[in-house]
Amino acid sequence: MIRGIRPLLRGSTYSGVLFAYCGALASLPLLPFALLPALSWRSAPESVQIVLVLLVWAVLVGVAGLARPVRRALVVSARRLLRVPLPDPVAGPRTSGSPGLDHWRTPLWLVLHVTVGWAGALASGVLFIMGLSLPGNWLGGEARASLFGTSVRVSGGWSGWVVAAVCMLLAAALCVLVTKTLRWSAPRLLGPSAAERLALAAERELMLAERNRIAHELHDSIGHTLTAATIQAAVAGEVLSADPAAARAAMRSIEESTRAALEDLDYVLGVLREEQSGTAPARTLADLHELLDRLRHAGAVVEPELSGALTQVQGTLSRAAYRILQEGLTNALRHGADGPIEVRVAAGPDGLDLTVVNRTGARTGPGPGTFPTSGHGLPGLAERVRLLHGEFRSGPDGTQHWRLTCRLPAQVSA
């Protein structure tokens, strides 16, 4: 009994009934147009005229549901009043040719909406009026209720109260049934069509790709800068008294690297806010010497070996190579032991070879030691290289070294 009463106490039931009744009232302006065929065919039997009016009325209501603004208004209303999770309709041109089944779902739901609204309004209205009027006969009067040729006689006594209570319960149950019918049909008829689901999936894929790209930018640029700046600050603190010139050099390096990180962060925030941000900072192999200098200021010993026409490497290949070297050097700075970091970059006619080798173990010189990381760096590099159709390997090289090697083909578009 309590479970049967609970739906009556929910706000969504009353808002759903209101939604159904408003849909029924909204169809009234179309009724005069539906009466025109019946008025022009006066010789037809009354039953035929009623059926004709109802059919024309249903067709007019369905045609109104073909308009996109109508569907959008129905989706928003159903979401708020029926509490049904419906996505907004996807904007875009409709396909050419005859309308498919998906295009008729909204007209069908609108006809169902109006039909359920009118049936619920008339039936519950009659039951509600009966529930209010019948108890007035408890002193011994007599009442007769007629519906579609069927009459029910209620005489005085407690019978009037019993029938009134039953009418009120039926009216309430009818309200629940109206709401449940609309809530059941709304996702099936107002929900996204197959084409809209594909469009939503494509939109979500683009959003995830953009988020993944932003994550790469944050990890590559800002993550590296914070690592280098932290170690540089530790170095400056260690040598501040003994070597003020080296401390000042470390502080200048922190200023330069954090300024570059702020440029990257400003770009990423502009993308997140959907503003007209400037051009993304493009770090290429031309900036490799600046990257190596920042590592030297952090106390690392870097032994670069550059060969080939690196100045001829441009576009996506140059940017990807810089990011790969940046991640490899950052990992060496975080996790490597004191010792030289070997960097080899070889540009050839068939592609670009990149290698970073460092000693493994805890740092013993100035610096914070091993850094905790999320573990996304190397998988991100592997994914980046795979998208460029290259080869990527990383792992222990012997017992005391870690080697990262990468080969990028020259056939990479700019």
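Start by selecting Leu36, which sits in helix H3 (residues 31-40). Helices here are DSSP runs of H or I with at least four residues, strands are E runs with at least two, and both are numbered from the N terminus. Residue numbers count from 1 along each chain as its sequence is written. You're looking at a predicted model, where local features need pLDDT of at least 70, side-chain atom pairs count only at pLDDT 80 or more, totals for chains, interfaces and linings use all residues, and side-chain values use heavy atoms, with hydrogens and water left out.

Next, pick residues 46-64, helix H4. Its 19 residues reach 27 Å from first C-alpha to last, close to the 27 Å expected at 1.5 Å a residue (the expected span is 1.5 Å times one less than the number of residues). Which residues of H4 are buried? Show Val53, Val56, Trp57, Val61 and Gly62. Buried means under 20% relative accessible area, exposed means over 50%, and partly exposed is in between (1.4 Å probe, protein chains only). The cover over those buried residues includes H3 and helix H6 (105-133).

Jump to Glu255 in helix H9 (residues 244-272). Glu255 counts as partly exposed because its relative accessibility is 44%. Select Ala229 as well: Glu255 and Ala229 are 26 residues apart in sequence, with 8.6 Å between their C-alphas.

Time for some charges. How many salt bridges does a search of the whole structure find? There are five, each one a side-chain nitrogen of Lys or Arg within 4 Å of a carboxyl oxygen of Asp or Glu. Side chains of opposite charge can pair when their charged atoms come close.

- Arg296 and Asp293: the closest N and O atoms of this salt bridge are 3.1 Å apart. Both residues lie in helix H10 (residues 288-297), three residues apart, about one turn of the helix. Arg296 is partly exposed at 37% relative accessibility, and Asp293 is partly exposed at 37%.
- Arg407 and Asp353: their side chains meet in a salt bridge at 2.7 Å, N to O. Arg407 is in strand E7 (residues 401-409) and Asp353 in strand E5 (residues 351-359), so the pair ties together parts that are 54 residues apart in sequence. Arg407 is partly exposed at 30%, and so is Asp353 at 32%.
- Asp397 and Arg403: the closest N and O atoms here are 2.9 Å apart, in another salt bridge. Asp397 is partly exposed at 31%, and Arg403 at 29%.
- Glu305, Glu342 and Arg344: salt bridges that share partners join these into one network.

Last stop: colour by pLDDT, the predictor's confidence in each residue from 0 to 100. The chain's mean is 77, and 75% of its residues reach 70 or more. Select residues 93-99, where pLDDT stays under 50 and the model has six contacts beyond four places in sequence (a contact means heavy atoms within 4.5 Å). Then try residues 366-372, also below 50, with 16 contacts beyond near neighbours in sequence. Where pLDDT is low, the predicted coordinates should not be read in detail.
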